[in-house]
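I opened the notebook to record what I looked up in this structure. The entries follow in the order in which I made them.

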Amino acid sequence: MEKKKLVVNAAICDARNVSESVLESYESIQINAANVLVSQESKELISKYNVNMNTAGVMEAPTDAELMVQNGKYEITDDTVLSKPVILVVNGSLDIKTGSEEVLEKFISIIVNGTVSYPSDIKDKLPVMRVNGSTESYPSDAIRLKSKFIMDKIFIMRAKNAKYYARDKVIMADESLDVSSLVDSGVSFVTKKAIIAENILEKALPLFDEEVEIQVIPAGYNYIGSELLT
């Protein structure tokens with residue numbers, strides 16, 4: 001009986017438990033996958049047969065490790081419960097929180113197709129990680145804000161004596177903002193860009209270090225961000 005050819009198309013191909021009876025039943029096997037998982041045993045077994053892999057990466061992992069796939073947003077915190085070693089695949093965004101060092105020891109590997117963010121103080125505690133996208137490490141001693149943070153009076157009323165982090169920009173477009181109270185309270189911002197109304201520029205500058213790009217909104221102008229004008 002003539003043997004057939006097998007073609008496997010998958011985002012992740014778990015070949016850790018492939019058997020010799022399966023391998024020898026095909027003339028050839030073509031695996032097209034972003035990632036292929038193998039065990040020490042299956043890796044040696046596969047090498048004896050006509051198996052071709054078109055993949056971004058081959059990862060060796062124990063057969064008892066759990067493969068966990070998360071689509072969308074996923075967080076790793078100190079409350080994350082894992083019963084066994086895990087290989088995590090995230091298609092979306094992964095946010096690793098401060099205090100999750102012990103939980104991270106459960107992860108054999110993490111693959112992220114999207115974005116990953118983590119505090120700077122756990123950098124050396126991260127498992128093997130492959131990111132197809134962007135990686136963001138933020139100051140561990142800072143309070144995270146939205147990546148594009150628009151300051152308002154409520155924030156000023158609630159602000160602590162702390163460092164705040166906004167990945168992309170801080171916008172201070174309201175000329176009536178009492179930014180002096182922020183300076184007096186010891187507030188500072190870590191960000192790439194600050195967009196500040198001209199009339200409060202001088203008072204607001206001490207909130208940012210010299211590396212932050214400053215863009216001024218001229219007096220009498222309004223800031224509208226990205227809007228469709230018709």
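I use buried for under 20% relative accessible area, exposed for over 50% and partly exposed for in between, with a 1.4 Å probe and protein chains only.

Notes on the source. The model is predicted, so local features need pLDDT of at least 70 and side-chain atom pairs count only at pLDDT 80 or more, while totals for chains, interfaces and linings use all residues. Residues are numbered from 1 along each chain as its sequence is written, and side-chain values use heavy atoms, with hydrogens and water left out.

Entry: salt bridges. I counted as a salt bridge a side-chain nitrogen of Lys or Arg within 4 Å of a carboxyl oxygen of Asp or Glu. The structure holds eight salt bridges. Asp168 is in one of them, with Arg167, at 3.4 Å from N to O. Arg167 is partly exposed, at 35% relative accessible area.

I then looked up Lys163 and Asp141, whose side chains form a salt bridge at 3.1 Å, N to O. This pair links distant parts of the chain, 22 residues apart: Lys163 lies in strand β11 and Asp141 in the loop between β8 (134-138) and β9. Helices (H or I, at least four residues) and strands (E, at least two) are DSSP runs, numbered from the N terminus. Lys163 is partly exposed at 27%, and Asp141 counts as exposed at 53%.

Arg144 and Glu136 also form a salt bridge, with their closest N and O atoms 3.9 Å apart. Arg144 is partly exposed at 32%, whereas Glu136 is buried at 12%.

Entry: strands. I took two strands as paired if DSSP finds at least two bridges between them. An open sheet of three strands has the order β9-β11-β13, with parallel pairing. β9 (142-144) and β13 (188-190) stand at the edges with a single partner strand each, so one side of each has no neighbour in the sheet. Strand β11 (residues 163-165) is joined to β13 by three bridges, and Tyr165 has Val190 as its bridge partner in β13.

Strand β12 (residues 169-172) runs parallel to β14 and is joined to β14 by four bridges, with Ile171 opposite Ile195. β14 also pairs in the parallel sense with strand β15 (residues 213-217), over five bridges. There Ala197 stands opposite Ile217.

Entry: cores. I used nonpolar core for a set of buried Ala, Val, Leu, Ile, Met, Phe, Trp, Tyr and Cys residues joined through side-chain atoms within 4.5 Å. The largest has 24 residues, and Met151, Phe155, Met172, Phe189 and Phe208 have the most contacts inside it. β14 gives the largest share of this core, three residues.

Which residues does Met151 contact, leaving aside neighbours within four places in sequence? I list Ile156, Val170, Ile171, Met172, Leu177, Leu182 and Phe189, where contact means heavy atoms within 4.5 Å. A second, separate core has 18 residues, among them Tyr74, Val90, Phe107 and Val116.
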